Amino acid sequence: MISAVTGRRREGPAPSGSSRRLRRIDHAVGLAFVAPVIIGVLGLGLVPFGYVIWYAFHDWNPLVGTFTWVGSANFSQLMGDSTVWASLGVTLAFALMLMVLNVTLAMVLALLLVQKLPGTTTFRAFFFSPVVVSTVAWVLIWNFLVASNGGINGVLSMLGIMGPNWLRDPDWALVTLVVIQVFKGVGMNMILFIAALQNVPADVKEAARIDGASPRRVLTSITLPLMTPTVLLVTMITLISAMDVFAPIQILTQGGPGRSTTVISYLLYRTAFVQQDFGYASAIGVLLFCVVLVMAALQWGTRKRWVHDEV
Amino acid sequence: MTVWTGNEGHHEIFEAIAARYIEENPELVSSVSFESLPAATYVDALTTQIAGGEAPDIAWLMESYAAQFVDSGVFADLTPTFSETEGYEFDDLIPGAIELWSRDGNLYGYPFSNSPFGVYVNLDLIAEAGQENPRDLIASGDWTYDELMAAAAAVSSTTDAAGFLPHDDPYTNWNGALGQMWLAWGAAPWSADGSECQFTDPEVVEFFDWFHTQVYEVGAIPLPGEEFDFASGQAGFMMSQLSMSTGLGDDFEWDFVPLPAGPAGQVSVVGQGGVGVVAQSDHPEVAADFLAYFTNPESTRLLAQFFPPPRTSLLTTETLADAAPALSAEQLQSTVIDQSVEAVTKAGHPQMSQINDPIRVRLDSLWTPEGDAASVLAQVCTDIDPIISGN
Amino acid sequence: MYALLIVMSVPFVYPLLWMVFSAFKPANEIFAIPPTLFPTTWTLEGVSRIFTAQPFAQQYLNSLYIAALVTIGSVVVGALAGYAFARIRFPFASWLFLFLMAGLFIPTEVTIIPIFRWVTSLGLMNTHVPLIILPVLGPGSIVAVFIFRQFFLSLPEELEEAGRLDGLGRLGLFMRIAFPLAGPAIAAVSIMKFLASFNLYFEPLIFLRSEHLFTVSLGLTGYQDHYGEPLYNTQIGATALTVIPVLIVFLLAQRQFVEGLSRTGLKG
């Protein structure tokens, strides 16, 4: 998969009877095969994004029916809007916390469950099961559990601990959302890691062991470095999906308390579809795209330092 | 023709009225379909659809957004159709009830539901907490918000139940939960035309300060994030409307009493559900004609099975008994009918969609034990002044 | 180690157990203090309202058929493009691939405004069409292309060579040889896209407004405010109904499920 991302590819098959006609047919077939997805991404991704940039230069209240060119007014408002910058911080905090927690936990679970011991299949199923539960269902269940008089605080109070008001305390709300999201999605990353672990050649590990390396040494010097391409892939997927978070925020906190859980994508939704300010929402959308791009680029740019076998 | 509503439970009666209209006017309309949208996101969905040019012909709307829809020209003027329709009895409409839906003497929406707020009381719980029956307090003239909260605090401290539940979650829906109450303080958080922020007025500050005290010091109202359900016996008191009585069984003894008095005296408050014709509808005249039929005295009598009507002539215990069979004639008379005629309608704002979020966000800093109403409300005005001053 | 695993699995399993049992609790027990897992009074009050408070069965079918179409569409679109990028030499291939990479970074929320405009002007509002088209052709389809491309790269070329000698053309090679062998990739894409479609919440919230057209995700939140009263135990019961079938399918097909995911290109 990593080679897919780098665009490194094997040579295509040299047509045995390499006639020019066959190659022309190949050209046509190749283009025809990729046409649906290319046209789709163009029409439903790139062109709409172009429109968003265009909209961002307008004042647009669709309820009243106004659509007027305002130049860069939306962007200068954006620069001075503390709400937007605060939500940028929330977005980064959310994405980073989610990524670190999710990937670490997934790795720990994978290392525990890659061993073929009795019961590991059952435990894999346990950890994976939230993945197949619909997000809304999962979030609704947790909504009951984290209510300030809900199940979790009930358990804590039996232990003599006064639990915080998870979703209504600005210090806890974002963390609570992250944890609920991690429990929901970590099983998928766990499986991907288990697959990668199983792919680490046994003979390499065996050789190291014969050379007298401790199990810990085998893990840190051989297993984990060989895993890094998968880790890169998984962190990128996790990061991009973290930027897309919507249902948990809409159902659990509506971005509150205060603005403590208002990530940029949620701010965009409220600005457009609740406050009916489509122009400003479009400007926020342009910013959101830049943020995703910068974060992905940073991750990609630093890969040489930590990803094994990356050139 | 399409009509949007926030509650599917009432479609049967709506459809019955529509069927009669179609029968009498087959040349005007061949079908009327009622679609219900989830109440929680109703306004967002409606505005979004109108924005996309996909509006229904007729739409239901709650009172807090009436000003916004009337002002922005979303709803069409109903006066010509209504005043020309024979037997409509325009004068029978309670003036206070249609005020919110009128501009310059013209009517843009019809408040088919005009339902007073009252307080539901769990009599078992207040007996357990050793509190006086509110009916006795009413008789002695001592039914005040402070007495209510004292009793609620007693319930909360002596039982597992909560004390007092506002009509909505005050921490996420400030207007829906508090808008009924602050009127008894004489508070108005914005000027009549909506262009001036008055959250810093002494009455408003006093109200929010009082409410904060009830939550964090008196302990009469659940803290943010706590969930209680009145219908399953988990609260001593709850502010609501007569429709809630249909969901109350006989698991516990309960009563429905009028709102208590605040510093500015007793103020009766109604919450409304209105219907208007969407101006961008393909056939607004036909829609208005249907609406006139839908809300004429005869249809209103049918609608009264569910909704307290905005017509003086129909505000009787007999018509309302169908709407709330669980309520006694005395409860209906004292808590619903007597309050309806004189009532003030819960306020809305011409830019409700724009100011709702910023105010909620700012008020969140009030909902901590240290929260200070005066400074938070000053910030609320700083936040919303740029939005509303253009009015 | 088992003790550790058991403790760690609590936040994954307990919510699901709590959900199943709470569906049979009277509303006031859901917030009982101290909290209970099992109902003290078993009641069908909540469960009995699942299908009457909302057309839940219809919503369930909607979700299933939308997810099925999305899955089939994504497999076809993804396999075609993935095969072409892996096997066929055609002009601009690497540029087009780079373009897809960039498309991956456009969040759904950003483009929803223009797409919303198009959907309304095409009269597709309050239909299931956007919920099917967007995930199959939009930027959400890119991951499927990647998975298939990687799988076909790992498929030995000799297999196709034989077919070529038998006189199969490009289309034949793909249809007769490559695609039938792509089981693991098909499984992985199907699982991912089916779950993603079933989980969709943002797009249905924007594009749907009639209860009978709702997907399960929207329907579930609808129990919160019907008649202005939250129907807690009904909502939980409906949630359980959403979760249990998927969970049973998963537990029965666990091996194929996990293997499908692991045997795709998603490895180092």
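These legends go with several views of a predicted model.

**View 1. Chain B as a whole.** Start with the overall fold: chain B is built from 16 helices and 12 strands. Its radius of gyration is 21 Å, close to the 21 Å that the globule rule gives for 391 residues, so chain B is as compact as a globular protein of that length. The C-alpha trace spans about 65 × 50 × 30 Å along its principal axes. Take the contacts in chain B between residues at least 6 apart in sequence: 75% of them join residues at least 24 apart.

**View 2. The surface and charges of chain B.** Of the 391 residues in chain B, 62% count as buried. As for charge, chain B carries 8 positive and 59 negative side chains. The centres of those two sets sit 4 Å apart.

**View 3. An aromatic pair that crosses from chain A to chain C.** Counted over all chains, the model has 79 aromatic pairs. One of them is A:F144 with C:W18, a tilted pair at 5.7 Å centre to centre, with 40 degrees between the planes. The chain A partner, A:F144, comes from helix α6 (residues 135-145), while C:W18 comes from helix α1 (residues 2-22) of chain C. Both A:F144 and C:W18 are buried.

View 4. C:F21 belongs to helix α1 of chain C, whereas C:W42 sits in the loop between α2 (27-30) and α3 (45-48). The two residues are 21 residues apart, and the pair links distant parts of the chain. C:W42 has a relative accessible area of 54%, which is over the 50% cut-off, so this tryptophan counts as exposed.

**View 5. C:S190 and its contacts.** This serine is part of helix α12 (residues 183-199) of chain C. With 19% relative accessibility, C:S190 comes in under the 20% cut-off and therefore counts as buried. Leaving out residues up to four places away in sequence, C:S190 touches C:T71 and C:V75.

**View 6. A:Q276, with a positive phi.** A:Q276 isn't a glycine, yet its phi is positive, at about 60 degrees. Look for A:Q276 in the chain A loop between α12 (264-274) and α13 (278-301). This glutamine counts as buried, at 1% relative accessibility.

**View 7. B:E89, with a positive phi.** In chain B, B:E89 is a residue other than glycine with a positive phi, near 55 degrees. B:E89 is in the loop between α4 (79-84) and α5 (95-98) of chain B. Its relative accessible area is 48%, which falls between the 20% and 50% cut-offs, so B:E89 is partly exposed.

View 8. You'll find B:T319 in helix α13 (residues 317-323) of chain B. The relative accessible area of B:T319 is 13%, so this threonine is buried. B:T319 and B:L303 are 16 residues apart along the chain, and their C-alpha atoms are separated by 9.5 Å. Setting aside residues up to four places away in sequence, B:T319 touches B:R301, B:A304 and B:L314.

Methods. Residues are numbered from 1 along each chain as its sequence is written. Chains are lettered from A and ligands numbered from 1 in the order in which they are written. This is a predicted model: local features need pLDDT of at least 70, side-chain atom pairs count only at pLDDT 80 or more; totals for chains, interfaces and linings use all residues. Side-chain values use heavy atoms; hydrogens and water are left out. Helices (H or I, at least four residues) and strands (E, at least two) are DSSP runs, numbered from the N terminus. The radius of gyration is taken over C-alpha atoms; the globule rule is 2.2 Å times the number of residues to the power 0.38. Buried means under 20% relative accessible area, exposed over 50%, partly exposed in between (1.4 Å probe, protein chains only). Contact means heavy atoms within 4.5 Å. Lys and Arg count as positive and Asp and Glu as negative; His and the chain ends are not counted. The place of a charge is taken as NZ of Lys, CZ of Arg, CG of Asp or CD of Glu. Rings of Phe, Tyr and Trp (its six-membered ring) pair if their centres lie within 6.5 Å; planes under 30 degrees apart count as stacked, over 60 as edge-to-face and the rest as tilted.
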